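Please keep the sequence and the picture at hand while reading.

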Amino acid sequence: MDRQVVSLVLGRLGLALITILIVSFVVFAATEMLPGDVAQILLGQAATEEAVAGLRMAMHLDDPAILRFLRWLAGLAQGDLGTSYANNMRIAELIGARLANTLALAAVTTIVAVPVALFLGITTAMYQGRLYDRTVNTLVVGIISVPEFMIATLAVLVFAVWLRWLPALSFASDVSGLLDVLRAYAMPVITLAVVISAQMIRMTRAAVIETLKMPYTEMALLKGASRPRIVLRHALPNAIGPIVNAVALSLSYLVGGVIIVETIFNYPGIAKLMVDAVATRDLPLIQTCAMIFCLSYLVLITAADIVAILSNPRLRK
Amino acid sequence: MAITFPTTPRRIGYRFNAVGAVALAVILFWAVIALVGPWLTPYPPGEIVDFDYFGPMSAQFWLGTDYLGRDILSRILAGARYTVGISLAAVIIAVTAGVVLGMTAAVIGGWLDTVLSRLLDALNSIPSKLFGLVVVAGLGSSIPVLIGTLAVIYTPGAYRFARALAVNVNTMDFVAVARARGEGTPYLIGQELLPNILGPVLADLGLRFVFIVLLLSGLSFLGLGVQPPNADWGSLVRENIGGLPFGAPAVLMPSLAIASLTISVNLLIDNLPTKIRDRSA
Amino acid sequence: MPNIVEIRDLRVEARTDTGRRVEIIKGVSLDVPDGEILALIGESGSGKTTIALTLMGHTRPGCNIAGGSVRVGTRDMARLSEPERATIRGTEVAYVPQSAAAAFNPAKRLIDQVIEVARIHRLMPMEKARARAVELFRALALPDPETIGQRYPHQVSGGQLQRLSAAMALIGGPKLVIFDEPTTALDVTTQIEVLRAFKSVMSTGGMAGVYVSHDLAVVAQMADRIVVLRGGEVQEEGPTATILDAPAHPYTRELLAAFDPAPHAAVAAAETAPLQPVLEVRNVVAGYGSAGRDGLPAKIAVRDVSCALERGQNLGVIGESGSGKSTLARVIAGLLPAHSGSVRLEGGEMAADLRGRSKDQLRRLQIVFQLADTALNPARSVGDILGRPLTFYHGMKGAARDARVVELLDMVRLPAAMRHRLPGELSGGQKQRVNLARALAAEPSVVLCDEITSALDTVVAQAVIALLKELQRELDLSYVFISHDLSTVRAICDDVMVMLNGEVVERLPADRLQDGATHPYSKLLFASVPKLDPGWLDSLDAAPGVRGETGQHTERPALTPAAAGGL
């Protein structure tokens, strides 16, 4: 690989590393601002002064902030995620199952959304300006302009209240059989898939149209090539980079969307866990969940950037 | 490759198309409501006026009633000032900060540019909902905190955009001519750069306004935004979510209000009135 | 000879940003006899490319054919459906684009793109297509014809790409080839090779051609007939010799006059010789990129250049792209600090970086750039643009300033009302005059003109040059005139400096340009400029001055002076 490309990619990865450090600091600082004395909360109102002081010392709560930050970081790196205040369980056990649930939701959404979005994005670019394109475009703009909870409520209204195909809000914990699983998953997946597909369609369409504006596309037209041929053989190979970039960026929207969707559908995932932890001021849990989110987000946008670097035709030698 | 047109008489003016006009009307409508909403409500927003909670849309209650029996229309009209007001304040702060920092970074360059860009990129790497969640949970949900948090979240994006524009203009010959004349940095930023990026920056302001409205509504929906007894549109959805299985209008109406605002802003940006200027010798 | 192309009363409309429909081709009729090359000549906006594209039934976005007929062979391209047109494109009518670099897909190999026409229209098996392509490469004098197809577009030079695009057009065996200003973007020395290749391959194949250009001399070499266009209408047409020797239409005469302007008559020297040159450059070394171990910049653009400009005289700096002439201008202006060497203005030494120069020094040396589009702030009115240097250098304000702005506009022959306009509303020539007026506002001693007429049409450029000369007499200015165009330099300069790869290879007075060159590169450069004589290109083979370094006359002498960077 070209030396310049390698150095750019390494630079981007290095940047990601620095970012993660800054982000972890921000997360730590933000959670430290949560009001209330942690030791007091844990021991309850009836605790004595000495007991609270003792607990504070045992939890190193009186150490300077930097020291606590570093200790926390070291713990994370070693896999020690700490203990949840509210549940008095090891966090690692607590989030294990929930993380798996969220990942499952994200995976299913991706599998559903990406092919549909790519197809729609590319074909609308191919037939830009026609009725098909304008209809899809209007829908897409509508979807990305509205809050996720609105998509969720509309989905519930349409599928559960009016059509009665799917159960409404509660996630049945006793699932018997594949059909039940599908029915339980359907609503959250539909909501999330609609939201990120819209983003993906918009960005893919823009990427393909950008490549179609290139002069070599006009040249292909003047050689007698047909529209599908121009798009598939000339535009697409040059648009692959921006398209993958678009996919990665759209998937990063999952991180935010999942917070709303899990809350509204009561889905037992890690986002719901974090929202509940904020309500109970469960510091270590909030910190860990936030780090997981930030890490996933960072991985996706770094991947998107690296794809953009690799696919830049000017760097190709 | 350029197509040049023969000389024609000059015509200056604005050309609106229908969609742009409608969008602008909706936005102005909500702006007015945000200012005088509480005086226009048919019923006092906080008062229970109907024993039938989650009541349907009727001649008496145009948009139905909420989970306690209060008039939804009134609550939406009253809530407009929170949604619109907070978002507008936040976006103005964010874009102003972003533009000033972006232009300075573009013109001065060097270490200032690098440090600022790295810092703001790092800030951008935190998912916005998460950041809002954690900060607001920590510092409380007062209006100033909300405005400040939202502004901080969206400053990096505005910075990046303004900086890219400014860098582009900076390389133009007319800036080199001004520099060669001996002009100082403040002149370059204010007179040469700013007028040329103002248009796109205003469009960007519109886009960020939409993002902020959506984020604020999302936070309120999670219970971390505007707190009772005040309610913005997101809080209204949260309060009335129990009516969803019954298909009550109370759940949908505030969402539709949000949608009308955000879609109108998006449509206006896409259909900006174009200044027409026929080229003439 | 039957006509392969018959255009009758063609009208093309375009839609402006206001939605109005404007006619850009207004009832054009012309014929192309089979086997002959017809040139469409005109300045920008004349509609020549638009007409050429209609021969393939294609119009640029926003335009459409509104009336008339375009008969190519037996079919009317204006009436056919899009799929029918697609079958004709590449097979009967082919297109050679203006910028080959833009017309090739950077992600695909050259050979695949050259033979793509065969693939699209299923003309012949791939093996045969590839063999045919190699034959064409050989006929077009491309190096390594067997293997050049395996490369990617960015791996070959501009001149080679242009010839490859001709191969791409010819592979389908078309009856008509459209050349859309194919050599406009190339250096003069590269242009010759490309023109030769085109001419030879067209005459061997006996194909008809339409050659679009604004350059009369190039057209004189290539075409059998010429059609002169202006504003979407035909002004005159006829055989090449007639048009060049005995033009009937006044516009044609104007074009011919602009092509070969009168050489500069030196301003009468002052009675007392000046004490020192008004501008003196000594041993300047400058470049781009970070400093290496020896302290020199990574990429050196100007190597040890010295020159002097006397008051009231003009110095021309001529060279092709990459010669360092524009860098030299920036160094003199202080925009790019030199690594070593000195620049003296009226005896006083100036700091290398403009930030170290006094306001007065900055005032006395002004620079005017090539692209007026980017040299004028689109958001400020002309009055503001001209007023700013008045305020900055002379502290003028209010009514006095406004009066001076009107004076400046008058100096450059623009109406006073122009001060309320924005640059976007002006034409190219007008913008360049405002550019000039802004430089004059400072009341300088020296004006650096960096390719100021290169982007303008020849007629407009000539008017700007005439203006420069008048201003020189009125205001006692001295110019450093940088250009790649020999005839403009000859029209205004007293002395000429030829640059190659950052060095000055020759210095000579302007009136000796035709025959006084001694350095091989200068000779090559001057000989490469196309002349209006139709037989010039063919006579080149015999001219000794244009042989390459090797001096060998192989079946196709390649003009590759080692230092010129290859073709």
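## A four-stranded sheet in chain C

In chain C, four strands make up an open sheet, in the order β2-β1-β4-β5, and their pairing is antiparallel. The edges are taken by β2 (21-33) and β5 (75-76) of chain C, and because each of these has a single partner strand, one side of each is left without a neighbour in the sheet. The model discussed here is a predicted one, so its features are to be read as computed from a prediction.

The pairings can be followed strand by strand across this sheet. Strand β1 (residues 3-15) of chain C runs antiparallel to β2(C), with 10 bridges between them, and within this pair C:Glu6 lies opposite C:Asp31 of β2(C). Strand β1(C) also pairs with strand β4 (residues 63-72) of chain C, again in the antiparallel sense, over eight bridges, and here C:Val5 is found opposite C:Val72 of β4(C). As a general point to keep in mind when looking at such strands, the side chains of a regular strand alternate between the two faces of the sheet.

## The hairpin at the end of the sheet

How many residues lie between β4(C) and β5(C) in their hairpin? There are two residues between these strands, and C:Gly73, which is in the turn, has a positive phi of about 70°. The antiparallel pairing of β4(C) with β5(C) rests on two bridges, and C:Val72 has C:Arg75 of β5(C) as its bridge partner.

## Another sheet and its helix

Chain C also holds an open sheet of four strands in the order β12-β11-β14-β15, and the pairing in this sheet is antiparallel. Its edge strands are β12 (297-309) and β15 (348-350) of chain C, each of which pairs on one side only. On average, and with direction ignored, neighbouring strands of this sheet are turned by 35° against each other.

Strand β11 (residues 279-291) of chain C is joined to β12(C) by eight bridges, and the two run antiparallel; in this pair, C:Ala291 is placed opposite C:Pro297 of β12(C). Helix α12 (residues 325-333) of chain C packs on the sheet, where it touches β11, β12 and β14 (340-345) of chain C, and the direction of this helix makes about 75° with that of β12(C).

## A helix with buried residues

Just after α15(C), C:Gly395 takes a positive phi of about 65°.

Which residues of α15(C) are buried? They are C:Val382, C:Ile385, C:Leu386, C:Gly387, C:Arg388, C:Pro389 and C:Leu390. The buried residues of this helix pack against α6 (173-181) of chain B, and also against α16 (398-411) and α17 (428-441) of chain C.

## Two domains in chain C

Chain C is divided into domain 1 (3-259) and domain 2 (279-531), and the centres of these domains, taken over C-alpha atoms, are separated by 35 Å. Where the domains of chain C touch, 14 residues of domain 1 are in contact with 12 residues of domain 2.

On the side of domain 1 of chain C that touches domain 2, the elements giving two or more residues are α8 (188-205), α9 (216-222) and α11 (250-259) of chain C, and α11(C) gives the most, with four residues. By class, this side of domain 1 has seven nonpolar, four polar and three charged residues.

Chain B has nine helices and two strands, and from the N terminus on, its elements run β-α-α-α-α-α-α-α-α-α-β. The C-alpha trace of chain B spans about 75 × 50 × 35 Å along its principal axes, and buried residues make up 49% of the 281 residues in this chain.

The contact between chains A and B takes 37 residues from chain A and 31 residues from chain B. On the side of chain A that touches chain B, the elements that each supply at least two residues include α1 (3-32) and α10 (227-265) of chain A. The residues of this side of chain A divide into 29 nonpolar, seven polar and one charged.

Note on methods. Residues numbered from 1 in each chain as written. Chains lettered and ligands numbered in written order. Predicted model: local features only at pLDDT ≥ 70, side-chain atom pairs only at ≥ 80, totals over all residues. Domains from an automatic or database assignment. Contact = placed C-beta atoms within 7 Å. Nonpolar A, V, L, I, M, F, W, Y, C, P; charged D, E, K, R; others polar. Pairing = 2+ DSSP bridges. Axes fitted to C-alpha atoms, helices over the stretch in contact; angles between N-to-C directions. Buried ≥ 20, exposed ≤ 12 C-beta atoms within 10 Å, placed from the backbone.
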